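Please keep the sequence and the structure in view while reading.

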Amino acid sequence: MSAGWFRRRFLPRGPLPAPQPPRPHSSPVPYRRPRFLRDAGSCPGTADAPSLPEARPVRCPARSRTLPWNAGYAEVINAEKSEFNEDQAACGKLCIQRCEIGAEEDQEWLTLCPEEFLTGHYWALFDGHGGPAAAILAANTLHSCLRRQLAAIVEGMVATQPPMHLSGHCVCASDPQFVKEKGIKTEDLVIGALENAFQECDEVIGRELEAAGQVGGCTALVAVSLQGKLYVANAGDSRAILVRRDEVRPLSSEFTPETERQRIQQLAFVYPELLAGEFTRLEFPRRLKGDDLGQKVLFRDHHMNGWSYKYVEKSDLKYPLIHGQGRQARLLGTLAVSRGLGDHQLRVLDTNIHLKPFLLSVPQVTVLDMDQLELQEEDVVVMATDGLWDVLSNEQVAQMVRSFLLSTQEDPHRFSELAQMLIHTTQGKNDDPTEEGQVSYDDISVFVIPLYSQGQGSNGH
């Protein structure tokens with residue numbers, strides 16, 4: 001959405017245009033689509049969809065759209081807002097095999113023996129903006145990127161300590177000691193795989209949207225259960241929390257222009273040409289006016305957590321790099337998030353100023369060691385897009401989760417029904433509304449993941 005005279009440019013509502021053949025890429029080397037987008041699986045509308053025995057499709061009531069793949073327990077519910085829902089989701093079982101050493105990039109996985117598999121589960125929510133195209137691509141692509149990244153390092157994951165050389169070659173007898181001194185653990189390899197997968201997926205989305213003549217971006221919230229740990233990777237303003245009988249724990253942080261102010265201002269300080277002389281990187285409590293010229297006002301810059309005073313100059317009257325507060329904060333008057341996938345072509349309205357240099361596709365990854373928890377059947381992780389958290393706090397959601405699960409202990413579908421209940425609460429359909437007058441008009445998607453079932457198969461083989 002916009003602030004001041006800047007406004008966000010959206011695609012027209014309605015179905016996506018029919019796929020077009022890729023246009024010649026602008027670089028000297030023609031763009032070649034990755035194998036997982038060239039050879040789609042049997043599931044309609046998905047790419048590289050894994051074949052799951054008796055996989056039960058989950059449908060979104062807003063559009064009755066079948067999700068690409070799913071793992072059974074978690075449920076995604078979307079509130080109807082737009083002609084084509086901009087929220088997308090994917091979930092499924094991850095089967096990771098070892099790659100053949102020296103194989104070409106496009107060679108299929110090599111199955112050596114069952115012991116060389118690692119298995120886990122994957123859940124992902126994608127909240128689109130500027131149209132659903134980027135979110136759809138992310139839902140059909142990110143799991144493939146992650147599986148490829150994990151397969152490339154699986155030998156290190158199953159080792160007691162990640163080796164210096166994945167091939168087993170030893171150059172220095174002290175290599176294990178160097179790795180130990182750096183504190184490198186197996187979970188660091190998984191974190192690196194998630195970060196690389198997000199980056200790879202972002203590049204694929206950029207090329208695919210350019211080839212199709214489409215635009216847009218999305219936030220991404222991913223949870224991966226692997227080897228007794230739950231990895232939560234977030235790039236955007238969706239959120240995941242752990243809810244237990246006596247605890248509620250945030251598993252992610254939102255990334256908005258406000259929360260990443262110093263990083264964004266630092267970038268504008270190092271590369272002032274990114275602002276094209278149209279914006280000021282300095283932050284003021286409000287938008288300055290002509291009458292403020294020459295006055296000494298509060299401000300802060302990229303190197304400051306606190307505030308100071310400065311005399312207002314003419315350049316300070318330009319539109320702020322970050323304007324607004326809370327949910328109304330906008331980057332370059334255009335975008336409400338500072339991390340996500342896509343947005344390669346996004347520009348400030350009526351200018352040639354690109355937003356992509358200020359955006360990160362790298363997620364923040366939180367690790368939850370489930371083996372260290374005495375898991376109960378009511379212990380769950382709630383993942384949801386920002387529409388839920390706009391009207392419900394972590395504590396409110398935790399209270400609803402505990403109350404609902406306590407009253408439905410014998411219901412085999414209670415986790416799916418809990419997800420639906422959370423959605424209905426934000427729409428004012430339940431008897432106990434959030435707060436007076438608070439209703440969400442955003443698309444909302446929710447996963448409720450029971451951790452007890454994940455902890456039972458924690459060895460991951």
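## Surroundings of Thr219

Leaving aside residues up to four places away in sequence, Thr219 touches Leu125, Phe126, Asp127, Ala235, Gly236, Asp237, Ser238, Val337, Arg339 and Gly340, a contact being heavy atoms within 4.5 Å. Thr219 belongs to strand β5, residues 217-226, where strands (E, at least two residues) and helices (H or I, at least four) are DSSP runs numbered from the N terminus. With a relative accessible area of 2%, Thr219 is buried; buried means under 20%, exposed over 50% and partly exposed in between, for a 1.4 Å probe and protein chains only.

## Basis and confidence

This is a predicted model, in which local features need pLDDT of at least 70 and side-chain atom pairs count only at pLDDT 80 or more, while totals for chains, interfaces and linings use all residues. Residues are numbered from 1 along each chain as its sequence is written, and side-chain values use heavy atoms, with hydrogens and water left out.

The protein averages a pLDDT of 78, and 74% of the residues score at least 70; pLDDT is the predictor's confidence in each residue, from 0 to 100. Over residues 34-82 the pLDDT is below 50, although this stretch has 133 contacts in the model beyond near neighbours in sequence.

## Helix α8

The buried residues of α8 are Asn394, Val397, Ala398, Met400, Val401, Phe404 and Leu405. Seen down the helix axis, they fall within an arc of 165°, so they line one face of α8, the arc being that of the directions from the axis to the C-beta atoms. On the other side of α8, Gln399, Leu406 and Ser407 are exposed. The cover over the buried residues includes β7, β8, β17, α7 and α9.
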